[in-house]
Amino acid sequence: MGPELLLLLLLGSGAWAVPEEEQVCAKAQIDGCDDCIRSGPFCVWCKQLDFTKTGEQEAVRCDTRRKLMERGCSEENVITINNHKETIRDDPLTQTGQDPVQLRPQEIRLKLRKDSPETFRVKFRRAEGYPVDLYYLMDLSFSMNDDLQSVKNLGNQLFDALNKITRHGRIGFGAFVDKTVLPFTNTNPEKLLKPCDNDRVACQAAFGYRHVLSLTSSKTQFRDEVQKQAISGNLDSPEGSLDAMMQATVCGGQIGWRNSSTRLLVLTTDAGFHTAGDGRLAGILEPNDETCHLQNNLYTQSSIMDYPSVGQLALQLEKHNIQPIFAVTQNVKQIYQDLSKMIPKSEVGTLSQNSDNVVKLITDAYDRLSSKVTLTHSPVPEDLRVTFSPNCEQPGPRGENTGVCNNVGQGTEISFDVTVEAHSCLQPLSFSISPLGIKDSLKISVEGDCQCDCADPNQGAPHPHCSGQGQVHCGICSCAEGFLGQFCNCSSDQRVQTASCRRDNGTACEGRGDCECGRCRCHAKPSGKSYHGAFCECDDESCDRFANKLCGGNGECKCGTCVCRAGFDGAACECEKSETSCTTDGVVCHGRGSCRCNKCVCDSGYQLPYCEKCPSCADPCQSKLPCVECLGFEIGPFKKNCTESCSSISAQEVAQLGGGRHCELKDSEGCWVRYKLTQRVGRDSYNALYLPERDCPPSVVAIVAAAVAAVALVGLLLLLLVKLLIHLNDLKEFKKFENEKKKSRWAEADNPLFKNATTTVTNPTFTGE
């Protein structure tokens with residue numbers, strides 16, 4: 001096999017997706033080439049005769065291509081199995097006609113190697129004027145009376161709207177109310193015949209579901225049959241909508257669904273619906289059997305079988321390629337929107353009060369349904385995986401169960417890459433792939449391919465490599481009766497030779513096997529697997545477990561050690577190598593932790609999920625104050641070596657600090673400094689925003705001097721005030737005295753009682769000289 005051919009085969013099998021140096025062959029018990037191929041998608045077998053040494057396990061022949069060739073296996077002796085795809089039917093896409101081809105290919109056959117995906121392309125193109133079957137299913141409970149009158153007048157409009165979509169359109173009609181048993185309907189005989197309370201309204205007998213008109217292209221027939229309809233009634237608010245939808249779905253012969261058409265089931269109602277289990281209220285215990293029970297166009301099992309479940313209805317709608325349109329009033333719109341989420345390819349529209357907008361509603365819903373292409377597959381076994389990758393202008397997400405393309409116009413060709421992967425050696429089976437609501441499908445036949453075609457030399461004859469006592473199969477000797485050993489060179493009476501079966505002079509074959517002719521034959525385990533290795537030292541079930549799965553389900557156990565698949569790591573392959581769940585704004589765990597198993601492991605004190613906050617850490621306001629001093633004001637203990645001491649902080653002057661927590665502390669000069677810290681990526685890295693003004697208190701001397709001066713000034717003022725009060729009082733008293741003096745009369749005459757206080761005495765001896 002040449003390198004070019006090998007490359008093409010690998011491209012077809014998907015092995016190219018993993019670089020050769022990362023390919024791993026996780027071997028289990030290997031007794032031959034077939035076991036090797038089943039071990040993994042990258043396992044190949046070397047059939048070279050002289051590849052193994054004496055006493056060496058044949059399992060060494062199974063490994064990746066690169067490792068086998070490094071051990072000396074030649075290219076032509078490497079045996080592998082690749083996927084094979086054969087296209088059986090591939091009709092070209094057609095645009096027009098009543099039975100156009102919208103999906104290609106139509107049939108392929110796959111032979112798949114275990115765990116080796118095969119990808120192929122499916123093309124789809126919406127045909128123009130594709131036939132449409134529209135079945136109008138109407139609630140005829142009494143509250144829908146005005147809506148019925150509108151529908152009776154909408155026949156021509158419905159056909160006109162349908163003709164704009166396709167030249168091959170047909171319309172049918174059916175009606176429903178509810179089960180004719182208590183507590184859903186009044187079972188009084190008179191009320192069963194005329195359940196309406198209004199005598200002036202034409203009213204028909206109570207019924208569950210009635211098929212009125214099979215699908216037809218006749219406007220007259222549709223108009224005439226609808227005109228005959230009359231309103232009916234029941235007791236409770238929910239109706240038997242699901243009963244009617246189930247019968248309209250499974251009774252294809254009576255309804256008249258065509259095999260090659262877009263099937264629309266339009267349900268109009270103003271009430272909710274009963275579902276499975278509600279029938280117990282009336283003593284109805286038999287579950288719905290999802291089969292047709294129409295006789296004389298009337299559902300005969302309405303009072304015998306329970307309502308279908310939403311799951312049952314969704315399954316039958318999908319099985320019969322029917323797309324429901326729920327035309328409901330505003331009060332129950334949310335209920336049917338929730339129902340629509342559980343039914344693929346369904347739409348919900350809001351009816352006006354009298355249903356006069358139903359034509360536009362159906363047209364809009366059809367446009368939405370037909371422009372959304374959803375490719376899916378029929379049920380497959382658990383060990384077969386089918387994945388869809390859409391190729392279109394507005395693709396949906398890549399998924400295992402469906403592929404979606406939105407807003408696909410008529411005549412627009414789109415494609416899906418479909419990947420099929422088997423996780424076991426499959427027995428032959430088949431399944432189909434088809435767009436929801438469209439009959440076109442692709443049949444896929446699949447079978448597993450797990451057997452080697454070794455083209456053995458001298459097949460059937462004794463071979464010299466086997467000492468003439470056996471045949472060669474894929475490079476291994478198959479010994480004749482009575483002979484044993486790697487090269488059939490050991491007879492039955494020579495089978496016990498234990499020296500080469502002991503590792504480090506220990507127990508032969510580690511106690512896990514029998515030594516035969518110098519080589520260990522390992523025992524099987526209770527699980528069905530076996531020990532392996534030159535000395536049976538390997539156990540492929542003794543690896544670490546995670547979530548109760550060996551190697552976490554993300555790798556293979558190889559000789560007691562987990563060999564993880566790409567993208568996983570850890571002793572039990574429990575860790576995703578991705579860091580997406582640890583990263584915010586391009587930073588892993590904010591630089592304050594490490595990402596393990598795609599989750600942050602934070603440094604002490606920091607909180608998950610991204611190590612952003614640390615409630616228990618010391619307040620950085622105090623510890624970062626010296627740096628704010630030197631960076632912002634060129635003061636403080638770090639003034640001389642600010643750049644070196646504060647390299648993890650940047651400071652910026654701002655006019656306002658904004659919201660959040662602020663720091664307000666006294667600096668080394670006793671001034672109040674106001675600033676705000678924001679932690680950057682890393683454990684001790686901050687941005688500081690500070691106000692340029694500091695609030696500094698005055699000196700002690702100035703305070704004392706001012707206090708003394710103030711006291712002296714106050715004392716002087718008080719003294720002056722006292723002196724002023726005394727002076728004012730003296731002035732007042734003096735003025736009072738003067739006034740009284742002026743008023744006195746005796747002051748102007750001599751007082752006879754007055755005696756002068758001085759006495760003059762004359763000296764008689766004085767002569768005057």
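Which residue's backbone oxygen lies 3.2 Å from a polar atom of the side chain of Asn234? It belongs to Asp236; point 2 gives the setting.

1. Basis of the note. This is a predicted model, in which local features need pLDDT of at least 70 and side-chain atom pairs count only at pLDDT 80 or more, while totals for chains, interfaces and linings use all residues. Residues are numbered from 1 along each chain as its sequence is written, and side-chain values use heavy atoms, with hydrogens and water left out.

2. Asn234. This residue is placed in the loop between helix 7 and helix 8 (241–250). Helices (H or I, at least four residues) and strands (E, at least two) are DSSP runs, numbered from the N terminus. Besides the approach to the backbone oxygen of Asp236, the side chain of Asn234 makes a polar contact of 2.7 Å with the side chain of Glu239. A polar contact is a pair of N or O atoms within 3.5 Å; within protein, one must be able to donate a hydrogen and the other to accept it, and residues adjacent in sequence count only if both atoms are side-chain atoms. Leaving aside residues up to four places away in sequence, Asn234 touches Ser141, Val177, Asp178, Phe184, Thr185 and Glu239 (contact: heavy atoms within 4.5 Å).

3. Aromatic pairs. Rings of Phe, Tyr and Trp (its six-membered ring) pair if their centres lie within 6.5 Å; planes under 30 degrees apart count as stacked, over 60 as edge-to-face and the rest as tilted. The count by this rule is 8 aromatic pairs. One of them is the edge-to-face pair of Phe159 and Phe222, at 5.9 Å centre to centre with 80 degrees between the planes. This pair links distant parts of the chain, 63 residues apart: Phe159 is in helix 5 (residues 155–165) and Phe222 in helix 7 (residues 219–227). Phe159 is buried at 3% relative accessibility, and Phe222 is buried at 1% (buried means under 20% relative accessible area, exposed over 50%, partly exposed in between; 1.4 Å probe, protein chains only). Tyr136, Phe159, Phe173 and Phe222 form one aromatic cluster.

4. An open sheet of 4 strands has the order 38-41-40-39, with mixed pairing. Two strands pair if DSSP finds at least two bridges between them. Strand 38 (649–653) and strand 39 (663–666) each have a single partner strand, so one side of each is left without a neighbour in the sheet. Strand 40 (residues 672–679) and strand 41 (residues 686–690) pair in the antiparallel sense over 5 bridges, and Tyr675 stands opposite Tyr690 in strand 41.

5. Cis peptide bonds. Most residues other than glycine have a negative phi, and most peptide bonds are trans. The bond from Arg104 to Pro105 is cis, with omega near -5 degrees; Pro105 lies in the loop between strand 5 (103–104) and strand 6 (107–112). Leu182 and Pro183 are also joined by a cis peptide bond, with omega about 5 degrees, and Pro183 is in the loop between strand 9 (169–176) and helix 6 (189–193).

6. Positive phi. Cys474 has a phi near 55 degrees; this residue is in the loop between strand 22 (470–473) and strand 23 (476–479) and is buried, with a relative accessible area of 3%. Cys509 has a phi near 55 degrees, is placed in the loop between strand 25 (490–491) and strand 26 (513–516), and is buried at 0%.
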